[in-house]
Each structure stands twice: as C-alpha cells, then as structure tokens.
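Biologist: Can you walk me through this one? I'd like the fold first, then the contacts.

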Amino acid sequence: MMLMMNDEVVVEKAGSVEKEHSALAREIEFRLTPYLYQLGIPPHVTGYCYLRSAVVEFLLNPSEMREITKTIYPRIALEHGTTVSAVERAIRHAIAAAWNNGGLRGIKGDPPFAALLTFHRKPTNKGCITAFADMIRLVYGTAIGL
C-alpha cells in the first residue's frame, strides 16, 4: 500500500520547512555580523554579504562544503544576480582586506572562539568560511538549534 499525499499538504509542509530554514538563516546572520565587523570586514564591501551567505549555506547544508565552488557559490550568485567567479573574487577580496588590516591575525574576546578566528597566514575562502561556521556552531549552536 502506497501512501499518497495531497498536493496542498506537500506545499504546506514545504512552506513550513522554508520558513524554519529562513528563520534559522536570519538568526545565523544576526550572530555572525558583529564578528565580521570586528575582524575588519565592513558591510559596504561586496564580499561581506557573500561571505555571510556562504557561512549560512554551510551551516544549513554542511555536506555541500566539500564542493564549495560547485554548490554554494552558484547558489549565492543566483541569489544575488551575479556570476560564480564574482562571488569567489569578492569573498577573496573581503578576506584579503581583513588580513591586510590585521583583523584576521587576532581577535580580542572570549577564549572559546578567539583561537578559531585567529589565522597565522591569510586564509583561503574555504578556510575562512569553515572557521566562521565552526565558531558559530561552537558558541551559539545549542542556543539557535544547530
């Protein structure tokens, strides 16, 4: 016996999952924003919003991080109406700006996450996204339901 779902039920379930997903995404962005600013990545830099979106995507879909250029960057590019290479380049520029200003060399704050956001050499896009995601998961994971 096969259980068939009504189309309205499927649409309703998909809508509730999407609302839950977007609420969690907003919560992650809210928690991440002060750290980006403290590390020297101001909101007016284009890579700022792409980097923030990449961290959210990674936290919501951790299995996709293995192929970031094939999964996460295209989704961000589609969302923002740009190309994949522009997303990658803008994130790299934001990281380089923070590195050159000394922001990624050390953060003043609580010991649990200070080590995660301190780099000894300029991080790659993937390394920086992973570090931010690990920090959010470590500090706020249970509070926001990750």
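Modeller: Let me start with one residue. E27 is partly exposed, at 25% relative accessible area. Buried means under 20%, exposed over 50%, partly exposed in between, with a 1.4 Å probe and protein chains only.

Biologist: Before we go on, what kind of model is this, and how are residues numbered?

Modeller: It is a predicted model: local features need pLDDT of at least 70, side-chain atom pairs count only at pLDDT 80 or more, and totals for chains, interfaces and linings use all residues. Residues are numbered from 1 along each chain as its sequence is written, and side-chain values use heavy atoms, with hydrogens and water left out.

Biologist: Back to E27. What does E27 pair with?

Modeller: R31. The two form a salt bridge, with the closest N and O atoms 2.6 Å apart. A salt bridge here is a side-chain nitrogen of Lys or Arg within 4 Å of a carboxyl oxygen of Asp or Glu.

Biologist: Where do R31 and E27 sit relative to each other?

Modeller: Both are in helix α1, residues 7-38. They are 4 residues apart, so about one helical turn separates them. R31 is partly exposed too, at 24%.

Biologist: Why would such side chains pair at all?

Modeller: Side chains of opposite charge can pair when their charged atoms come close.

Biologist: How many salt bridges does the structure hold?

Modeller: It holds 3. One of them joins R75 and E57, with N and O atoms 2.4 Å apart at the closest. That pair links distant parts of the chain: R75 is in helix α3 and E57 in helix α2 (residues 46-60), 18 residues apart.

Biologist: Is E57 buried or exposed?

Modeller: E57 counts as buried, at 11% relative accessibility. R75 is partly exposed, at 30%.

Biologist: And R137, what does its side chain meet?

Modeller: D134, in a salt bridge of 3.4 Å, N to O. They are 3 residues apart in helix α6 (residues 125-144), so the separation is about one helical turn. R137 is partly exposed at 34%, and D134 is partly exposed at 30%.

Biologist: New topic. How many helices and strands does the chain have?

Modeller: 6 helices and 0 strands. From the N terminus the order is α-α-α-α-α-α. Helices (H or I, at least four residues) and strands (E, at least two) are DSSP runs, numbered from the N terminus.

Biologist: At what angle do α3 and α4 pack?

Modeller: About 100°, with axes 8 Å apart. Helix α3 covers residues 72-80 and α4 covers 84-100. Axes are lines fitted to C-alpha atoms, for helices over the stretch in contact, and angles run from 0 to 180 degrees between N-to-C directions. That makes α3 roughly perpendicular to α4, a label for 65 to 115 degrees.

Biologist: Which residues make that contact?

Modeller: Y73, P74, I76 and A77 come from α3, and V84, V87, E88 and I91 from α4. Contact means heavy atoms within 4.5 Å.

Biologist: And S53? Where is it, and what is it in contact with?

Modeller: S53 is in helix α2. It counts as buried, at 10% relative accessibility. Leaving aside neighbours within four places in sequence, S53 is in contact with I76, E79 and H80.

Biologist: Last one. What share of the chain is buried?

Modeller: Of its 146 residues, 38% count as buried. Among contacts between residues at least 6 apart in sequence, 56% join residues at least 24 apart.

Key:
Angles under 35 degrees count as roughly parallel, over 145 as roughly antiparallel, 65 to 115 as roughly perpendicular and the rest as oblique.
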